Structures are given as C-alpha cells and as structure tokens.
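Please look over the structure shown below before reading on.

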Amino acid sequence: MVSEESKLDMVVFGATGFTGRYTVMEMVALTKEKGDLKWGVAGRNKAKLDELISQISLKTGEDLGKVSVIVADVNDESSLLKMAAQTRLVINTVGPYRFYGEAVVKACVASGAHHVDVSGEPQYMERMQLEYHEEAKQKGVYVVSACGFDSVPADLGTIFLVDKFKGDVNSVETYLQSWNKSEHKGPSIHYGTWESAVYGLAHAGELRPLREKLYPKRLPQMLPKLKPSYVDTTMPDTVNIYTSYVDTTMPDTVNIYTSYVDTTMPDTVNIYTSYVDTTMPDTVNIYTSYVDTTMPDTVNIYTSYVDTTMPDTVLPHKHPWAAFAKTTLVEELDKHGLKFEVVSEAEK
C-alpha cells in the first residue's frame, strides 16, 4: 500500500491522447511555476508514454526524469486501482466518457483519489452522481466533471458575474464568439468531441429517468423568465451559431444539423448535415449545402438561468461552479490568459 507521504499530487490519465498532451504541457508549466509538484502520466502503452515524456522534455527544455510513468487500461480494473492508489488526484482525459469514464471514477472512489475530467456528456455525469455520490461522500472524495472549455468559462464566468453584480442575479444570457486561424474554412471539431456529442444526442432519452431519480423534488421555477434573444444574420460579422437536434424517425440514427454564419457569403448559412449510424460507431457521412437566410433573418441565442436557491454546500460529485466557486481559480485563470472582466456597467 502506498503511504500518503509518497503519493503523487496528480496523474494525467490518457496522457498520449489529444487532450492528454495539452494537459501534460500545462503540468510542466505548472510545476515550473508552483515548485515541487509530484506528478505522473498514465495510459495503456508504456512505450508511447516514454516517448511522450521525451518529446515534451525536448520541446520545453525541462528535465522530466522524475515524472512517474504508470501503465493503466480502462479494461483492466486492477491497473486502474493501482494507478488511483498512487495519487491524490486523477485527471481523466479518456473519452467518450459514456464508454470509458465509469471504470476510472469507480477506481478513484474505491482508492480515495479525487477525480476530474473534461466530459460534457450529461448522461455520464448524472449517472456517476447517481451511482457513486454516497460512497464518494463517505470517503471524502471529490468527483468533478465538465472541467473543459464548454463549462469552465461559462460556470466561473457566471460566478464572477454574481460576485460583481450589484443585486440578485436571476438569469444570465451568454454569447460565444469563436475563430479559426487555420486555412480550414467552416466549423471544425475534434473527432472525440464529435463522437461524444453524437452518442449524447442518440441517447438523450436516458436523461429523464436519471433526473427523476436524482431530483425527485423539482427546484422552483426561476422567475421572471428571460425571453430568448435573436441576432440578425443579415448583419456582417454576426456571432457563430450552433444548433442540433435528433431525428427520432430514423431508428439507430442521429441527424445533426450544425450551422454557422458565413460572413464571406452574404445571406447564406453553411449547413453541415451528418447521419451517424449508431449501430456502426466508426461511420460518419457528411453532406454540405447552402441555404438562403434572407427570409428567416433571426437565429435563436442560447439562454441560461442561475438558480440562486442552491445551498452553499459542495457535493462530492459536482460541476465547476460548485467545486471552484469559493476558490481562487478565477484569479489563477486570469493570470494564465483566460480573463474575466466587467466590460460595461449600468450607471447609477
């Protein structure tokens, strides 16, 4: 058994993957900034992990000889338990989490290691809360999902707003502007994220029974209710819009429409329609077309609501707003390029 003193501070699981590599780079920078952090990388292929350490060391000029290399596989429960027993925190970057996440959460809770991931998959997150909340609570283990781009700016941005707002916050309207520096035209998405989105939509029906078990008593409705906002797509430089829905008339198929405003082609919206056969996970057929937007000139913007009735207590399984609301994470992110600021304020 690993003693508490000899445990690593954190382990990046799935370190050789797309998200894992970014995380390892940040770990190198964090160690340089904070001092003597003990950390490791984990994955199923030791040769690839060793190669990763060599590559990152060469790229950063840092000596990574003390970084632990741990072999662990989501299909090998004992290897996950050994990994979790060696650290205080597992940063899990292996997705889609609906397929690969539970085994890691289970091992972390059993071994007493905290767990964070970058999932945006509600079925996975809420099922983990349902299955492991009580055990995690008893052992003092934190399981924090949605620690990626989708959630941290939005969650902590809302916390920042509530903190700065002179009054009670009832609802928040959020906007997203994105850009691409590559030569690729149109929207793009990493395959892992795309796969997670497809399966999330395909199994959206799983959420209602999960939520009925998690929240048998409905929270009070937030009033007054904020009306949806719209943008005029005939205006130049309008914000990118993303929409999707599930076509339930086609068994085993998810019909996804992702649209964005193409400002280089007036009055057009580029529509990407994809049909994914969920019985054949690796197949995606893409079709592209253009439609005239001069008749429907408006596009709905997402609206979110802030529940101010939630208690201040932090639950073992939670989202970033609950886990980090009373920490200095906003200040830390500010120092590292993710800036939170008040850009305008109503005059008194």
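## Charged pairs and surface patches

Both Lys-166 and Glu-345 are exposed, where exposed means over 50% relative accessible area, buried means under 20%, and partly exposed lies in between (1.4 Å probe, protein chains only). The model is predicted, so local features need pLDDT of at least 70 and side-chain atom pairs count only at pLDDT 80 or more, while totals for chains, interfaces and linings use all residues. Residues are numbered from 1 along each chain as its sequence is written, and side-chain values use heavy atoms, with hydrogens and water left out.

Lys-166 and Glu-345 are joined by a salt bridge in which the closest N and O atoms are 2.5 Å apart; a salt bridge is defined as a side-chain nitrogen of Lys or Arg within 4 Å of a carboxyl oxygen of Asp or Glu. Lys-166 sits in the loop between H6 and strand E7 (171-173), and Glu-345 in the segment after helix H10 (329-335), so this pair ties together parts that are 179 residues apart in sequence. Helices (H or I, at least four residues) and strands (E, at least two) are DSSP runs, numbered from the N terminus.

| Pair | N to O distance |
|---|---|
| Lys-139 and Glu-135 | 3.4 Å |
| Arg-88 and Glu-4 | 3.6 Å |

Side chains of opposite charge can pair when their charged atoms come close. In the salt bridge between Arg-88 and Glu-4, Arg-88 lies in the loop between helix H3 (77-85) and strand E4 (89-92) and Glu-4 in the segment before strand E1 (10-13), so the pair ties together parts that are 84 residues apart in sequence. Arg-88 is partly exposed, at a relative accessible area of 29%, and Glu-4 is partly exposed too, at 42%. Lys-139 and Glu-135 are four residues apart in helix H5 (residues 122-139), and are therefore separated by about one helical turn. Lys-139 has a relative accessible area of 43%, which makes it partly exposed, and Glu-135 is partly exposed with 31%.

The surface also carries patches, which are made of residues with over 30% relative accessible area and no salt bridge, with like charges joined within 9 Å and nonpolar side chains (Val, Leu, Ile, Met, Phe, Trp, Tyr) joined within 5 Å. A negative patch is formed by Asp-163, Glu-331, Asp-334 and Glu-341. Asp-163 belongs to helix H6 (residues 152-164), and its relative accessibility of 59% is why it counts as exposed. A nonpolar patch on the surface consists of Leu-161, Val-162 and Phe-165, which together have about 240 Å² of accessible area, a value that comes from the Shrake-Rupley method with a 1.4 Å probe. Phe-165 is found in the loop between H6 and E7, and with a relative accessible area of 44% Phe-165 is partly exposed.

Which residues of helix H8 (residues 207-214) are buried? They are Leu-207, Leu-210 and Leu-214. Seen down the axis of H8, these buried residues fall within an arc of 65°, so they line one face of the helix; the arc is that of the directions from the helix axis to the C-beta atoms. On the other side of H8, Arg-208 and Lys-213 are exposed.

Key
Lys and Arg count as positive and Asp and Glu as negative; His and the chain ends are not counted. The place of a charge is taken as NZ of Lys, CZ of Arg, CG of Asp or CD of Glu.
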